[in-house]
Amino acid sequence: MLRRRLLALLRRLLLVVAAFYGLVLLGLVWVRFLPPLTTTVHIQRRVESWFRPGEYEKRWDWVPLDRISRHAQRAVVAAEDARFYQHDGFDWKEIGKVVEEARREGEPPRGASTITQQLVKNLFLTTHSNPVRKGLELTITPLAELVLPKRRILELYLNVVEWGDGVYGIEEAARRWYGVPAARLGREQSARLAAILPAPRTRTPQRSSRYASIILGRMAQMGW
């Protein structure tokens, strides 16, 4: 009797897992051709706003990649994932470096997520860090790389990630912080915007001069 119940529970669990990955795959096919209707992180922030004081206003305006400054595209790649165009979703060289640093310094390893991993997190998961979310992210990332071309991954990433409280996508970020469309972002403006991505709800471009300088240096090293 107990064995039968366990087998039934296992079957249901497998069905749930299969349904989840089926929906993720359908979602990836959708966003290959069309903008996402929303993302799980957008939903997360909306729900969180119900439990904090003040009004929450979501600002999000999708723009195609050819209407995003080349400086902005390059600054984000230099800042977030320098080997974006070379890896298959995981930057094993960076992961090895992070593990070695952690071993040498005796501290927990810092993050080494690629742009693809961060896109997966934004589209289908949440910002909450836990082993389950990380495991799902690691299994969905290869699917994303299989379904989406690199150019589309970058376009999606630039358009869905946070650039401030309630500010999503590079177009709204450019207008919020500099009063210009994303197509007109300059080199330094782009570096400053890229500098806030690790903590977009607490950092501002105006107070990110040091990291922006590092990003500009990386861009120069990459021939940009």
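The model is predicted. A search of the whole structure finds 14 salt bridges.

**The sheet**

- Strands of a sheet pair through backbone hydrogen bonds, and the pairing can be parallel or antiparallel.
- Strand 2 pairs with strand 3 (residues 167–168) in the antiparallel sense, over 2 bridges.
- Opposite Gly-164 stands Val-167 in strand 3.

- In soluble globular proteins, nonpolar side chains tend to be buried together.
- What does Leu-148 touch, leaving aside residues up to four places away in sequence? Its contacts are Leu-28, Val-31, Arg-32, Leu-119, Ile-153 and Leu-156.

**The salt-bridge network**

- Glu-162 and Arg-45 meet through their side chains in a salt bridge, at 2.7 Å from N to O. The pair links distant parts of the chain: Glu-162 sits in strand 2 and Arg-45 in helix 2 (residues 40–49), 117 residues apart.
- Are these two residues buried or exposed? Glu-162 has 8% relative accessibility, so it counts as buried. Arg-45 is also buried, with a relative accessible area of 8%. The cut-off for buried is under 20%.
- Arg-201 and Glu-48 form another salt bridge with their side chains, at 4.0 Å from N to O. This pair, too, links distant parts of the chain. Arg-201 is in the loop between helix 9 and helix 10, while Glu-48 is in helix 2, 153 residues apart.
- Arg-201 is partly exposed at 34% relative accessible area. Glu-48, at 25%, counts as partly exposed.
- The side chains of Arg-52 and Asp-165 meet in a salt bridge of 3.0 Å, N to O. Arg-52 lies in the loop between helix 2 and strand 1, and Asp-165 in the loop between strand 2 and strand 3, so the pair ties together parts that are 113 residues apart in sequence.
- Arg-52 has 30% relative accessibility and counts as partly exposed. Asp-165 is partly exposed as well, with a relative accessible area of 39%.
- Salt bridges that share partners join Arg-45, Glu-48, Arg-52, Glu-162, Asp-165 and Arg-201 into one network.

**The second largest pocket**

- Rolling a probe the size of a water molecule over the atoms shows where empty space is left.
- The second largest pocket holds about 260 Å³ of space.
- Its lining is made by Phe-20, Leu-23, Val-24, Gly-27, Trp-30, Val-31, Pro-36, Leu-37, Thr-38, Thr-40, Leu-123 and Phe-124.
- Which helix gives the largest share of this lining? Helix 1 does, with 6 residues.
- Helix 1 and helix 5 each supply at least two residues of the lining.
- Val-31 is among the lining residues, and Val-31 is also touched by Leu-148.

Conventions:
Residues numbered from 1 in each chain as written. Predicted model: local features only at pLDDT ≥ 70, side-chain atom pairs only at ≥ 80, totals over all residues. Heavy atoms only, no water. Pairing = 2+ DSSP bridges. Helix = DSSP H or I, 4+ residues; strand = E, 2+ residues; numbered from the N terminus. Contact = heavy atoms within 4.5 Å. Buried < 20%, exposed > 50% of the residue type's maximum accessible area, 1.4 Å probe, protein only. 1 Å grid on protein atoms, 1.4 Å probe; cavity = no way out; pocket = protein on both sides within 12 Å on 5 of 7 lines; lining within 4 Å. Points joined across faces, edges and corners; volume = space filled by probe spheres on them.
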